Amino acid sequence: MAEQTTDAEHEPIRVLVVDDQELFRRGLTMLLAVEPGIEVVGEAGDGVEGTSLAATAAPDVVLLDIRMPKRSGIEACLAIKDAVPTTKIIMLTVSDEEADLYEAVKSGASGYLLKDSSIEEVAQAVRVVADGQSLISPSMAVKLIDEFKQMSRPERDHVPGLRLTERELEVLRLVAKGMNNREIAKELYISENTVKNHVRNILEKLQLHSRMEAVMYAVREKLLELP
């Protein structure tokens, strides 16, 4: 009987690195290239080149710096998502500003890590977002929740007409805590596939594109109670 294998074992995760700092970019490329299950398909030194390369290479994941010449990381993120909607984007930057984090989420980024993250953390982030999940560093998660709370509108006391089931709200609350699909499945005693289905339904009902956008919407509309 053949041993069951995962998709990741069949096909490596194809990664594009876009950063204007050549030394950092080359170092990250070399380190990722030796990570199991990851293949670096290219690198670019600015947002324009990165967008063009992403459109032709169609990588699974793009590691994208926020501050770059010619086209900023935020602008490049929007352009890449428009050209290759299936590509997941991780913002890898020295910036820990709440505004940058919020703009990254709005532009469709699936992950946000600081450049002082270890190569193991970056590689894990690549694997997590390639699996359709979102990821930000713990320190950034606190800032993001604060930003969400600032967005909450006190004058709104109505619940929007969009109906989420009790189970979907339960899943959304756990997503807001930064839990991944496997952790949510364990917490709720359901399968990981069921969690994925719930998340997909939540995004469809809210007409959103990412888990982080769903949390942002839920806080703004007072569907969640955060500390």
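Predicted model: local features only at pLDDT ≥ 70, side-chain atom pairs only at ≥ 80, totals over all residues.

Biologist: Noted. And at what angle do the axes of helix 2 and helix 6 cross?
Modeller: Roughly 70°, and the axes of helix 2 and helix 6 (residues 119-130) come within 11 Å. That makes helix 2 roughly perpendicular to helix 6, because angles of 65 to 115 degrees fall in that class.

Biologist: Which residues in helix 2 and helix 6 meet there?
Modeller: From helix 2 you have Leu28, Leu31 and Leu32, and they meet Ile119, Val122 and Ala123 of helix 6. By class, that contact has six nonpolar, no polar and no charged residues.

Biologist: Staying in helix 2, is Arg25 buried or exposed?
Modeller: Arg25, also found in helix 2, is buried, because its relative accessibility is 9% and the cut-off for buried is under 20%.

Biologist: What is Arg25 in contact with, leaving aside neighbours within four places in sequence?
Modeller: Arg25 contacts Val17, Asp19 and Asp20, and also Glu43, Ala44 and Gly45.

Biologist: Okay, zooming out. How many helices and strands are there in the protein?
Modeller: There are eleven helices and six strands. Of the 227 residues in the protein, 48% are buried. The accessible surface is about 12100 Å², and carbon and sulfur atoms hold 51% of that.

Biologist: And what share of the contacts with a separation of 6 or more comes from residues 24 or more positions apart?
Modeller: Those pairs account for 65% of them.

Biologist: Next topic, helix 3 and helix 4. At what angle do they pack?
Modeller: Helix 3 (residues 47-57) and helix 4 (residues 73-83) pack at about 15°, with 9 Å between their axes. The two helices are therefore roughly parallel to each other, and their crossing is right-handed.

Biologist: Which residues make that contact between helix 3 and helix 4?
Modeller: On the helix 3 side they are Gly47, Gly50, Thr51, Ala54 and Ala55, and on the helix 4 side Ala76, Ala79, Ile80 and Ala83. The contact divides into six nonpolar, three polar and no charged residues.

Biologist: What about Ala58, where is that found?
Modeller: Ala58 is in the loop between helix 3 and strand 3 (61-64). Its phi is positive, about 45°, although Ala58 is not a glycine. For context, most residues other than glycine have a negative phi. Ala58 is partly exposed, because its relative accessible area is 36%.

Biologist: Which residues in helix 9 and helix 10 meet?
Modeller: Asn181, Arg182, Ile184 and Ala185 of helix 9 meet Glu192, Val195, Lys196 and Val199 of helix 10. This contact has four nonpolar, one polar and three charged residues.

Biologist: And what does Ala185 touch, not counting residues up to four places away in sequence?
Modeller: Ala185 touches Ile190, Ser191, Glu192 and Val195. At 7% relative accessibility, Ala185 counts as buried.

Biologist: Last one: which residues are buried in helix 8?
Modeller: In helix 8 (residues 166-176), the buried ones are Glu168, Leu169, Val171, Leu172, Leu174, Val175 and Ala176. Just after helix 8, Gly178 takes a positive phi of about 90°.

Note on methods. Residues numbered from 1 in each chain as written. Heavy atoms only, no water. Contact = heavy atoms within 4.5 Å. Helix = DSSP H or I, 4+ residues; strand = E, 2+ residues; numbered from the N terminus. Nonpolar A, V, L, I, M, F, W, Y, C, P; charged D, E, K, R; others polar. Buried < 20%, exposed > 50% of the residue type's maximum accessible area, 1.4 Å probe, protein only. Areas by Shrake-Rupley, 256 points an atom, 1.4 Å probe, with all protein chains shown as cover. Axes fitted to C-alpha atoms, helices over the stretch in contact; angles between N-to-C directions. Parallel < 35°, antiparallel > 145°, perpendicular 65-115°, else oblique. Left-handed = near helix turned anticlockwise from the far one by under 90°.
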